[in-house]
Each structure stands twice: as structure tokens, then as C-alpha cells.
Amino acid sequence: MVMLLQDAEGPSTLCDLCLAQVCRSLNSLCSMRADGSMSLIWAPLFPQEMADQLLNHMASKEILNDTTVGIFRNCKELRLRRASIRSCPVSAEAFRLALCPHRLLELDASWVFGGLTGADVVSGLASNAECRSSLQRLSLSGLRLDWESLEANGGVRVGFSSLRGLRTLNLANTDLNDAALEDICTLPHLESLDISCSAISNFTALLTCKNTLRSLIAHRLRQLDMSPAQLLSVFSHLHALKHLDFSDDHLAVDSDGRDGDETARQLLEGSPQVLPLLVSLDISGRKRISEAALRTFVESRSGLVFLGLLATGVSSCDFLSTQKNLKVTGEADGNQVCEALRRYRDRECFIRVALTHLYSLTIDTDKPQPDVLKLVVSGMQSHPTSLHVHLVATACVFNLTTQDLAEAMPISLLSSTVTQLLHTMKKFPNHQFFCASLVYFCNTVYLAAMLVIDWLSSHEDPTLQRMAVAVISILVAKVKTFLTRCALVHCWKILLAIVQQKAMVGVVDSTLKFALSALWNLTDEMPVAARNFIECQGLELYEEVLESYCTEPSIQHKVLGLLNNIAEVEELQADLMEEDLLEHILSLLQDPQVDVEVRYFAGGILAHLASRPEAWTLEDELRSTVLKQLVCVCVCVLDAAFHVKSTLGFFQYPTGVQLWAVWAIHLVCTQNTSHYSSMLEKEGLTELLKALAAHPSTHSDIKGLAGSILSMVERHQIHAGAFNNQTAPQSS
């Protein structure tokens with residue numbers, strides 16, 4: 001395996017492979033309950049961590065739903081502790097039966113669809129006495145809490161405070177209100193709280209947990225109704241707080257955020273006794289922040305390790321570059337932009353800003369950046385419906401993978417990127433993603449294919465070799481004009497090795513034919529590929545193949561077809577000036593027993609080489625012989641049609657043979673008009689050419705060449721007639 005194709009992330013672990021196999025085999029491993037849910041027919045006692053991994057694997061592969069989640073009702077063999085059903089279609093009933101009986105430590109039910117509400121989750125978990133004390137982390141981001149529906153359906157309202165073990169709670173993008181916040185803040189061990197994009201209007205309840213709360217994320221609180229003085233008063237009492245996110249969506253139009261901006265300004269300019277333990281502050285999107293206040297704030301807090309300053313206008317402050325231990329999100333340089341992409345994955349407003357700046361920073365990049373590409377793809381995956389994100393992200397993908405940059409990327413990353421781009425084009429079919437996406441695809445897809453090709457071609461099994469050739473053929477047919485030189489050479493070496501292996505034992509099979517066809521296709525109208533073929537010693541091998549398969553027209557015409565492609569490239573014609581090779585090709589042209597397609601390509605090669613006397617480097621006698629034989633063969637072809645008194649005989653030949661025959665006559669007539677015009681007249685072939693030019697079924701190119709030949713013959717006749725009149729004896 002070549003080094004550039006190695007995947008930095010390594011192969012899948014045995015555990016991952018086994019879990020993937022279980023997921024693929026669920027139908028055969030399970031029986032169906034009366035309610036339509038699955039149950040494992042037999043299961044050993046799973047190691048606890050593996051049960052978590054199985055659930056997470058099913059969720060990530062998008063096969064976790066009301067039916068499949070049923071296997072976790074067996075909580076003796078499959079014991080869940082850290083469960084994720086994020087973005088899965090799970091109903092309240094399925095959740096209650098499959099997950100609530102477990103003694104969970106963590107649960108991520110963010111963005112679940114299928115009818116599950118936050119109230120369903122809390123009441124279901126609270127129904128398990130063990131869960132009430134064991135659950136430490138809970139994420140319900142993106143769900144409706146909807147206590148009213150629970151009560152309307154006969155359920156009992158149970159608050160978050162019933163889950164007494166909670167330390168981390170994420171309620172971002174929910175309908176959380178002030179009353180629920182008051183209940184939450186009574187939790188005795190609450191350390192981390194995310195209330196972003198919720199309906200909270202007042203922070204006063206936070207004072208209840210001021211001695212335990214270490215992290216508060218309060219991004220984009222549109223309904224917050226507190227003055228800067230009131231907010232700062234609450235903040236000043238949060239003695240244990242180390243992480244504060246008070247950022248805002250600066251692109252939003254539903255609020256001007258002035259009070260929040262002023263609060264951020266006063267916090268920076270205020271006493272270091274406010275939030276003295278702070279190590280992380282995020283005020284991205286906030287305006288009215290001065291560089292002087294920012295400097296004062298940073299210098300007064302030596303323990304600060306992170307500042308969120310994206311879209312604030314102050315991330316380019318000179319003094320920030322001197323803070324070696326301080327990470328910053330902003331737009332001043334690549335590090336700040338990448339930090340923003342890492343931290344703001346779920347925030348479209350900031351991802352849009354970061355991607356826009358990343359595009360500008362990567363326009364002229366010449367260094368592979370797989371970590372950056374991974375961040376771009378992650379942003380696209382997190383915002384599948386955002387047209388703006390995908391437009392800018394696709395442009396960034398192009399910058400990061402153009403030319404040879406993709407060659408240093410891990411294969412798994414390339415695979416996920418291509419997959420994401422295909423999803424993007426499917427999601428937005430009417431927008432102009434196609435050009436940039438296609439260029440990316442053409443620059444990268446071959447790398448993933450090369451892994452398959454290398455492995456398949458390394459085996460002598462005919463079936464595997466045939467598959468390797470098939471992959472190359474598909475690759476070449478789809479993206480050959482975008483393949484890099486490295487990829488082309490790699491393809492050549494694999495295909496030529498297969499041909500050589502077959503030729504050494506004289507085998508004629510579908511793999512050999514398939515390989516020869518792929519090689520032929522690689523050089524079609526692609527001079528750089530033809531040069532690669534020569535550099536890989538392809539000519540020497542093909543000379544041997546022509547001799548070894550002298551009685552196999554199906555092999556000969558594929559070999560000569562490729563050589564004909566090379567002969568069409570003027571700068572490569574010198575490489576074909578091998579006397580033994582041309583004499584062999586000439587013998588094929590002359591032999592009437594040889595298949596017509598073989599003679600066609602043989603004639604095409606010789607015609608291209610002989611048509612340029614200035615490029616001919618062999619004996620002139622050989623060139624003269626070639627030209628004569630070209631005419632003889634062409635005359636034979638045309639004469640065969642002429643003798644059936646119709647052009648119909650000529651149409652029995654393929655259009656390519658017709659075209660070559662007429663073109664070859666045109667070529668030699670151009671070389672020596674007087675000699676060959678007389679021959680055409682003598683053989684009566686001018687009549688056939690006239691019929692060809694007039695016949696409605698004749699190809700337009702053939703008509704044009706036939707008409708040109710007839711014009712040359714006519715001019716010759718006029719000239720000859722004038723000459724004869726001048727030299728004839730005068731009568732007295």
C-alpha cells in the first residue's frame with residue numbers, strides 16, 4: 001500500500017466490526033413481540049460498556065427506532081449506563097419500556113423526534129427509583145418540555161428536581177421558562193446548566209445554586225428581561241462559576257440585544273472580584289466591546305484559558321497573540337476560525353461566520369489540512385437544512401481539496417466528505433453546488449477507490465482481479481479528466497501488471513480483455529495519460545502482447561486501439577518509431593485474413609505516423625512502403641463496395657472503417673495528387689466517391705473528405721488538360 005493512501009485514523013476496531021455485524025443481523029437475531037418491537041432470541045450477559053456502545057452504534061447508523069430499541073427492554077443482559085438516542089425516532093412509550101428501567105448515569109435525548117417530550121423523559125426516568133439518584137447528565141436539547149400535554153393525558157407532573165443526582169443539564173432550544181428554572185436550581189449537585197435559546201426571562205433563580213454552579217451557558221436568550229445592573233448582580237454572586245457563555249446571535253433581527261451587549265461591556269470593565277474563578281468567557285456576537293476593556297479583563301485573570309470573541313470586532317487585538325495559553329474564537333487567523341468551528345458546531349449563526357472567514361483564508365492554501373476539512377464537514381452535518389452553511393462549506397471543501405491536497409487526507413475523511421456532498425446536492429437540487437462538489441469528488445474519490453483496487457489486484461484470484469479492473473474502469477469513465485498524475489500512474493501500473501501476468505502464460509480471459517479496454521479508454525483524448533503509459537514501459541509490453549496473441553483479434557484490436565491513441569498525439573509519435581513494431585503493424589495491415597477492426601487500427605497508426613514526413617525518423621523506404629500499402633488496402637475496401645455496383649457494399653463496414661479508408665485516400669492524395677488521382681480514375685473509384693458524397697446515409701465527415709478528394713482529382717484533371725494543350729503540336 002502506498003503511504004499517501006494510508007488512513008491516519010487506522011482500521012476499525014474488532015469491537016466496532018462486531019457491533020456493525022450485530023446491527024446488520026438484527027432481523028435474524030431477534031423475534032418480534034406482539035407490539036411490533038424486537039427482542040433478542042438469545043443474548044449473553046454483555047459487558048456493560050458494550051451495551052452502551054451497541055445503542056450508540058444503532059443510533060449513529062440511523063437504525064434505532066421504536067422497533068429496534070425494544071432489544072434493550074432486557075436490562076439484565078443489556079445493561080445501559082450511558083445512553084444516547086440523539087436524533088432518533090423514538091416515541092414516549094418505546095422510551096418508557098426500553099430505557100427507563102436501566103440504572104442510567106447519562107442520557108442524551110436531544111432532538112429526538114417521534115412524539116417524545118421533555119416531560120415524558122423526566123417523568124419516565126423519575127419512575128425508576130435508582131435513576132432518580134444515579135442519573136448525573138441529561139441532555140434534552142431541541143425537545144418541547146410540554147408538561148401540559150403530560151398532565152392532560154393523565155400523567156403526573158414531576159419536576160427536574162426529582163432527579164436528585166443531576167450534575168449536568170442541557171435544556172438549550174427548549175420551551176424552558178422561569179418556573180421550571182426555579183425548580184432546576186434546587187438540585188443539590190447542579191454544576192453545569194445550558195439554557196440557551198430558551199424562554200428564560202430572569203436569572204434570579206440561579207442564586208439558589210450559586211455555591212455549586214460551575215458552568216452556565218446562556219446563548220441567545222431573546223426573552224431575557226433584566227437590566228445590565230441586575231445581571232451583573234446575579235453574576236457577582238455566582239462564586240463557583242468558572243465557565244460563562246453569554247454570547248448572542250448577531251445576525252438575528254428579533255432583538256437588538258443592547259442590554260446584553262452593555263452587560264458584557266460592564267463585565268469586562270468591572271472589578272476582577274466579579275466571577276473571580278472564571279477561566280472561560282464567551283461573548284461572541286456582542287457589540288460595543290473595546291480593546292482596552294478586553295485587555296484589562298484578560299490581564300486581571302491569569303487563569304483565563306478561553307475567550308469567545310467571534311463577530312465582536314476585537315478578536316484581532318495585538319495583545320491576544322501574546323497570550324500563549326489562551327484559546328480564542330474569532331476571525332483574525334486560522335487558529336481562531338478553527339476554534340470557532342470546533343466550539344460552535346450546533347450554532348448556525350457562528351458556523352456561517354466562521355466558514356465565510358475560512359473560505360478567505362484557504363483560497364491559496366498549498367498545505368493539506370485534514371483537521372480543518374473535518375471541521376467543515378462537521379458543520380455541514382450539524383446544519384443539514386441551512387443553505388447558507390452548505391454554500392460556504394462547499395466552497396471551503398473545494399479550497400481544501402483542490403489539486404493534490406486531498407492525497408494526504410485520511411480515506412475515512414474523504415469518504416464522509418463525499419457522502420456529505422452527495423447529501424447536500426440531494427437536499428438542494430436547484431442550487432449551484434454541482435461544479436465545486438464535482439471537482440472535489442473528482443479530486444478525491446479515486447483515493448478511496450485505490451484502497452479497493454490495491455487490495456483486489458494483489459491477489460491472483462481471477463474474480464478479484466476482474467473486480468479491480470472494474471473499479472478502475474468505472475473510475476476512469478467517471479472522472480479521468482480530473483485524475484492526478486499520481487493516480488494515473490497508479491492505475492497504469494496495476495493494469496499493466498495484470499496484462500503482463502496474463503501474457504506470460506498466454507491466457508485469454510475476460511480479465512485480460514477488460515484490462516486492455518480500461519487501458520485503451522485511459523488514453524482516449526488524454527495526452528498526459530498516453531505519456532504515463534509510455535513512462536510505465538507500456539510500449540514494450542504491448543509489443544510482446546502483439547506477438548504473443550497473433551491469432552487473437554479480440555486482443556490485437558484493443559492493443560492497436562491504444563497505440564492509435566498515442567499515434568494521434570504529435571509529440572508522442574517519436575516514441576512509436578520502432579522499426580520492428582511498425583513492420584509488425586504493417587504486416588497486420590497487409591494480411592487480408594486479419595480481422596477488419598485490426599486492419600483499421602493498424603492503418604490508423606501507420607497513417608498518423610507517415611503523414612508527417614518531418615517527424616519520420618526511420619528509413620524513407622519504409623515510409624514509402626507504408627503509404628503504398630495504405631492506398632492498396634483502402635482501394636481494396638472501396639473496390640469491394642464498387643464491384644457490387646452500389647455504395648451499399650461500403651456501408652457494410654463500420655463507420656470508423658469507412659472514415660479511415662476515405663481519410664487515408666485523402667492523405668495520400670494530398671501527398672502525391674497526380675499519382676493517386678490517376679489511380680482513382682483508373683480503378684473507377686471516383687464514381688464511388690461521388691456516390692458516397694451524394695448518398696443521404698453517408699456520415700457527414702465522410703462526405704466532406706470524399707468531396708475534398710474529388711476536388712483534388714478535378715483540379716488535377718484541369719491542370720493536366722491545360723498542360724497537354726500547351727505541349728500538343730500545332731497544326732499548320
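The following questions and answers walk through a predicted model of one protein chain.

Reader: How many helices and strands does the protein chain have?
Author: The model is predicted. Buried residues make up 50% of the chain's 732 residues. The secondary structure comes to 30 helices and 12 strands.

Reader: Among contacts between residues at least 6 apart in sequence, what share joins residues at least 24 apart?
Author: Take the contacts in the protein chain between residues at least 6 apart in sequence. The share that joins residues at least 24 apart is 68%.

Reader: Which residues touch the most other members of the largest nonpolar core?
Author: Nonpolar side chains tend to be buried together in soluble globular proteins. Here the largest nonpolar core has 100 residues. One of its members, Leu-107, touches residues including Phe-95, Val-121 and Leu-135, not counting residues up to four places away in sequence. The residues that touch the most other members are Leu-107, Leu-138 and Phe-203.

Reader: Are Arg-347 and Asp-245 buried or exposed?
Author: As for their accessibility, both Arg-347 and Asp-245 are buried.

Reader: Where are the two partners of the Asp-248 and Arg-286 salt bridge, and how many residues apart?
Author: Their side chains meet at 3.8 Å, N to O. Asp-248 is in the loop between S9 and helix H10. Arg-286 is in the loop between strand S10 and helix H11. They are 38 residues apart.

Reader: Why does Asp-248 count as buried?
Author: The cut-off for buried is under 20% relative accessible area. Arg-286, its salt-bridge partner, is buried too, at 5%. Asp-248 counts as buried because its relative accessibility is 5%.

Reader: Which helix holds both Glu-687 and Lys-690?
Author: These two form a salt bridge, with the closest N and O atoms 3.8 Å apart. Glu-687 is partly exposed at 46%, and Lys-690 is partly exposed at 44%. They sit three residues apart, about one turn of the helix. That helix is H29.

Reader: Which element gives the most residues to the lining of the second largest pocket?
Author: The second largest pocket has a volume of about 260 Å³. Its lining has 15 residues, and Leu-320, Ser-321, Leu-326, Asp-333 and Gln-336 lie nearest its centre. By class, the lining has five nonpolar, six polar and four charged residues. The element that gives the most, with three residues, is H12.

Reader: What is the phi of Arg-288?
Author: Arg-288 is in the loop between S10 and H11. It is partly exposed, with a relative accessible area of 43%. Its phi is positive, in a residue other than glycine, and is near 65°.

Reader: What is the phi of Ala-311?
Author: Ala-311 sits in the loop between strand S11 and S12. At 8% relative accessibility, Ala-311 counts as buried. It is not a glycine, yet its phi is positive, at about 60°.

Reader: Which residues does Asn-564 touch, leaving out those up to four places away in sequence?
Author: Asn-564 lies in helix H23. It counts as buried, at 9% relative accessibility. Its contacts are Phe-601, Gly-604, Ile-605 and His-608.

Reader: What distance separates the C-alpha atoms of Arg-715 and Ser-677?
Author: Arg-715 is in helix H30. Arg-715 is exposed, with a relative accessible area of 52%. Ser-677 is 38 residues from Arg-715 along the chain. Their C-alpha atoms are separated by 9.8 Å.

Terms used: Residues are numbered from 1 along each chain as its sequence is written. This is a predicted model: local features need pLDDT of at least 70, side-chain atom pairs count only at pLDDT 80 or more; totals for chains, interfaces and linings use all residues. Side-chain values use heavy atoms; hydrogens and water are left out. Buried means under 20% relative accessible area, exposed over 50%, partly exposed in between (1.4 Å probe, protein chains only). A salt bridge is a side-chain nitrogen of Lys or Arg within 4 Å of a carboxyl oxygen of Asp or Glu. Helices (H or I, at least four residues) and strands (E, at least two) are DSSP runs, numbered from the N terminus. On a 1 Å grid over the protein atoms alone, a cavity is a set of points where a 1.4 Å probe fits but cannot get out, and a pocket is an open set with protein on both sides within 12 Å along at least five of seven lines; lining residues have an atom within 4 Å of a point. Grid points are joined across faces, edges and corners, and a volume is the space filled by probe spheres set on the points. Ala, Val, Leu, Ile, Met, Phe, Trp, Tyr, Cys and Pro count as nonpolar, Asp, Glu, Lys and Arg as charged, and the others, Gly among them, as polar. A nonpolar core is a set of buried Ala, Val, Leu, Ile, Met, Phe, Trp, Tyr and Cys residues joined through side-chain atoms within 4.5 Å. Contact means heavy atoms within 4.5 Å.
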